[in-house]
Amino acid sequence: TTIDPTLTRADRLVGQVLGEPGHLPAVFTELEVNFFLLRRLLGVRTQGSEKQSKVSKLSKNEVLMLNIGSMCTGARVAAVKGDLAKLVLTSPV
């Protein structure tokens with residue numbers, strides 16, 4: 001490639017997509033997802049005879065951590081209706 005090496009030093013292009021104009025994938029800032037919540041929290045230790053906490057329903061303006069491909073990003077819940085949620089991403093994907 002003919003990329004200037006100064007742009008790639010110190011991993012400045014990590015998470016970026018490079019390609020010809022008009023041939024790049026779409027960029028998303030909002031997502032609508034179908035979701036399923038587990039009944040109880042997994043991987044959380046309880047002390048003694050304490051019961052495991054139940055998972056509460058998604059609520060508006062709740063902040064979530066999403067894994068999309070190999071990228072982790074935050075998302076704010078904009079709306080919830082049944083098992084469909086509209087999420088606003090903190091950084092575009």
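A nonpolar core is a set of buried Ala, Val, Leu, Ile, Met, Phe, Trp, Tyr and Cys residues joined through side-chain atoms within 4.5 Å. Buried means under 20% relative accessible area, exposed over 50%, and partly exposed in between (1.4 Å probe, protein chains only).

**Ground rules.** I am reading a predicted model, where local features need pLDDT of at least 70, side-chain atom pairs count only at pLDDT 80 or more, and totals for chains, interfaces and linings use all residues. I number residues from 1 along each chain as its sequence is written, and side-chain values use heavy atoms, with hydrogens and water left out.

**Confidence.** I looked up pLDDT (the predictor's confidence in each residue, from 0 to 100). The protein's mean is 85, and 95% of its residues reach 70 or more.

**Core.** I found seven residues in the largest nonpolar core: L58, L66, A75, V77, A85, L87 and L89. Strands β3 (71-81) and β4 each give two or more residues to this core. β4 gives the most, with three.

**V77.** I listed its contacts (heavy atoms within 4.5 Å). Leaving out residues up to four places away in sequence, V77 touches S59, K60, N61, E62, L64, K86 and L87.

**Salt bridge.** I searched the whole structure for salt bridges (a side-chain nitrogen of Lys or Arg within 4 Å of a carboxyl oxygen of Asp or Glu). There is one. E30 pairs with K86, with the closest N and O atoms 3.6 Å apart. E30 lies in β1 (residues 30-34) and K86 in β4 (residues 84-89), so the pair ties together parts 56 residues apart in sequence. E30 is partly exposed at 40% relative accessible area. K86 is also partly exposed, at 32%.

Notes: Helices (H or I, at least four residues) and strands (E, at least two) are DSSP runs, numbered from the N terminus.
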